[in-house]
Amino acid sequence: MTNVKITIAGPRGRMGREAVKMVQETDGFELISVIDHKPEKVELRNVPIHTSIEECFQSNTPDVLIDLTVPEFGYKHTKTSIEHGVRPVVGTTGFTTDQLQELKELCEEKQIGAIIAPNFAVGAILMMKFSKMAAKYFPDVEIIELHHDQKLDAPSGTAIKTAEMIKEVRETKTQGHPDEKETLPGARGGDYDGMRIHSIRLPGLIAHQQVLFGADGQTLTIKHDSMNRASFMSGVKLSVETVLQLNTLVYGLENIIE
Ligand code: NAP
């Protein structure tokens with residue numbers, strides 16, 4: 001069997017470094033190049049470094065592009081990959097609904113697979129699935145997501161995805177007192193279909209989320225913590241293996257994990 005040829009965009013980043021290690025240590029995976037806009041800072045040996053995706057695809061075309069960069073370039077990389085017949089596995093968060101829809105349509109037009117996963121940690125996927133189960137019985141829910149203070153987007157992609165999954169089973173409901181007023185703007189968090197999402201940013205954190213349900217006389221809390229970025233790599237590996245079999249865009253790892 002031939003190796004899966006992989007390019008990683010963002011190899012110097014905290015996620016990118018783990019992905020480089022995972023790809024280099026996985027039998028059957030081959031890191032054929034990386035994309036970094038500051039190539040002088042990349043410390044990898046024996047791996048070609050390209051400053052842009054266009055330059056990369058001119059010299060070698062991988063089977064899969066793993067993108068772990070920033071929303072603006074992540075979107076551009078994903079779109080360019082699909083246009084070039086390269087399957088993207090995207091961990092970068094912060095894509096808009098319109099961008100996701102456009103990429104989905106592009107995959108359908110090109111009949112090519114792509115995976116965009118706001119959270120590659122299997123435990124986080126289970127947290128979302130359990131939250132969806134609970135929301136059927138507990139429609140009053142608030143989400144608290146906690147991340148390191150270098151994160152660019154808020155709320156996290158995982159928090160939005162959790163709210164989306166809950167919305168599938170929960171009747172729209174405005175929570176809290178009908179006359180409640182914020183004396184400090186933002187105190188009640190973001191509003192998603194009546195559910196409140198609160199984003200905490202602090203040094204020392206990695207990626208954490210609590211989903212709190214309340215009902216008469218009882219509460220239920222579902223909680224997940226990623227202690228390090230290695231926690232995401234089994235999901236990246238599974239996504240690389242899976243995307244080769246797809247001819248459509250899958251958004252969310254929960255759609256490929258039973
Ligand atoms: P990070 O440490 O800031 O890494 C991002 C890297 O991308 C940096 O090295 C940055 O370089 C580089 N970069 C920026 N523009 C680029 C371009 N045009 N070409 C190539 N590289 C470029 O962030 P991180 O913690 O690794 O996270 C990366 C992304 O993954 C974020 O969107 C984050 O929210 C997301 N994330 C996803 C998961 C998941 O499970 N899906 C988990 C954690 C994080 P400079 O800093 O020098 O500009």
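Predicted model: local features only at pLDDT ≥ 70, side-chain atom pairs only at ≥ 80, totals over all residues.
Strands here are DSSP E runs of at least two residues, helices are H or I runs of at least four, and both are numbered from the N terminus. Two strands pair if DSSP finds at least two bridges between them.

Residues are numbered from 1 along each chain as its sequence is written, and side-chain values use heavy atoms, leaving out hydrogens and water.

Back in the sheet, strand 5 (residues 87–90) runs parallel to strand 6 (residues 114–116), joined by 2 bridges. There, Val 90 stands opposite Ile 116 of strand 6.

Now, the ligand. Which residues come nearest to the ligand? Out of 24 around it, they are Met 15, Lys 38, Thr 93, Ala 117 and Phe 120; "around" means a heavy atom within 4 Å. That shell has 9 nonpolar, 9 polar and 6 charged residues, with Ala, Val, Leu, Ile, Met, Phe, Trp, Tyr, Cys and Pro counted as nonpolar, Asp, Glu, Lys and Arg as charged, and the others, Gly among them, as polar.

Finally, a side-chain N or O atom of Arg 12 is 2.9 Å from a ligand oxygen, and a polar side-chain atom of Arg 14 also lies 2.9 Å from an oxygen atom of the ligand. Thanks, everyone!

Key. Polar contact = N/O pair within 3.5 Å; in protein donor to acceptor, adjacent residues only side chain to side chain.
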